[in-house]
Amino acid sequence: GKKKAIAPHRYKRLSEGWRNVEVKKISNAKLDCNPEKYGAKSREPLHTSVLTGKFTKNGWGNLRFGWDDNNFYVYVRMPDKTPCSNSGSKAINQDDCVEIMLGGNHDIPGRMLPSDRHLLVRVNKSKNAAFEWRFMGKKIKSEYKPQVFSRPTADGKCFETEIAIPWKAV
């Protein structure tokens, strides 16, 4: 069957290429980097070459997803030698950053399409994390701001971040 792209919560399904992940409604919308509130989860390889499909860096990132009536939620736990240390002196998509592609074309599953909206969020300890919305590769203005909470893990080997994206932005 056809795969559904990220869409308003009535679809409750997230698609990444050939895979579907059920996304469940959550009752605790507090951003606190507690992964237990999420039902949907996925492990993703880090730094896989788009050209060869081979790993360029060992390790796995853990992702979890959820939704409520106001937001779509993404939780990320990523191995990192210097977690949450992005100072903001580099471009937003360099260093610690989470990139989320949001598309509405349900007929074309797979990788990001030029028509998808692209949300970039800088991961640092600030409560006002920098973010950018992009469309067709260009930065766009949006009245919708994601809420973000990030922190290094207790062992200092990873960062955790939780992002609440307003449905109105999707």
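How many helices and strands does the protein chain have? The predicted model shows 0 helices and 12 strands. Read from the N terminus, the elements run β-β-β-β-β-β-β-β-β-β-β-β.

Confidence comes next. The protein chain has an average pLDDT of 74. A score of at least 70 is reached by 66% of the residues. Residues 1-13 have a pLDDT below 50. In the model, this stretch still has 41 contacts beyond near neighbours in sequence.

The protein chain holds 170 residues, and 42% of them count as buried. Its accessible surface comes to about 10100 Å². Carbon and sulfur atoms account for 50% of that surface. Contacts were also sorted by separation in sequence. Among those between residues at least 6 apart, 50% join residues at least 24 apart.

Aromatic rings were examined across the whole structure. The search finds 3 aromatic pairs. One of them joins Phe 65 and Phe 72. Their ring centres lie 6.4 Å apart, and their planes meet at 15 degrees. The pair counts as stacked because planes under 30 degrees apart fall in that class. Phe 65 and Phe 72 are both buried.

Phe 72 also pairs with Trp 167. Here the centres are 5.8 Å apart and the planes stand at 55 degrees, a tilted arrangement. This pair links distant parts of the chain. Phe 72 belongs to strand 6 (residues 71-79). Trp 167 sits in the segment after strand 12 (158-166). Together, Phe 65, Phe 72 and Trp 167 make up one aromatic cluster.

Charged side chains were treated next. The count comes to 6 salt bridges. Two of these involve Lys 37. With Asp 32, the N to O distance is 2.9 Å. With Glu 162, the closest N and O atoms are 3.0 Å apart. Which parts of the chain does the pair of Glu 162 and Lys 37 tie together? Glu 162 lies in strand 12. Lys 37 lies in the loop between strand 3 (24-25) and strand 4 (40-45). The pair therefore ties together parts that are 125 residues apart in sequence.

Is Lys 37 buried or exposed? Its relative accessible area is 15%. Buried means under 20%, so Lys 37 is buried. Glu 162 is buried too. Through shared partners, salt bridges join Asp 32, Lys 37 and Glu 162 into one network.

Another salt bridge connects Arg 134 and Glu 132. The N to O distance between their side chains is 2.9 Å. Both Arg 134 and Glu 132 are buried.

The surface also carries a nonpolar patch. Phe 135, Met 136 and Ile 140 form this patch. Together they have about 260 Å² of accessible area. Phe 135 is found in strand 9 (residues 131-135). Its relative accessible area is 35%.

Definitions and conventions. Residues are numbered from 1 along each chain as its sequence is written. This is a predicted model: local features need pLDDT of at least 70, side-chain atom pairs count only at pLDDT 80 or more; totals for chains, interfaces and linings use all residues. Side-chain values use heavy atoms; hydrogens and water are left out. Patches are made of residues with over 30% relative accessible area and no salt bridge: like charges are joined within 9 Å, nonpolar side chains (Val, Leu, Ile, Met, Phe, Trp, Tyr) within 5 Å. Accessible areas come from the Shrake-Rupley method with a 1.4 Å probe; for residues, only the protein chains shown count as cover. A salt bridge is a side-chain nitrogen of Lys or Arg within 4 Å of a carboxyl oxygen of Asp or Glu. Helices (H or I, at least four residues) and strands (E, at least two) are DSSP runs, numbered from the N terminus. Buried means under 20% relative accessible area, exposed over 50%, partly exposed in between (1.4 Å probe, protein chains only). pLDDT is the predictor's confidence in each residue, from 0 to 100. Contact means heavy atoms within 4.5 Å. Rings of Phe, Tyr and Trp (its six-membered ring) pair if their centres lie within 6.5 Å; planes under 30 degrees apart count as stacked, over 60 as edge-to-face and the rest as tilted.
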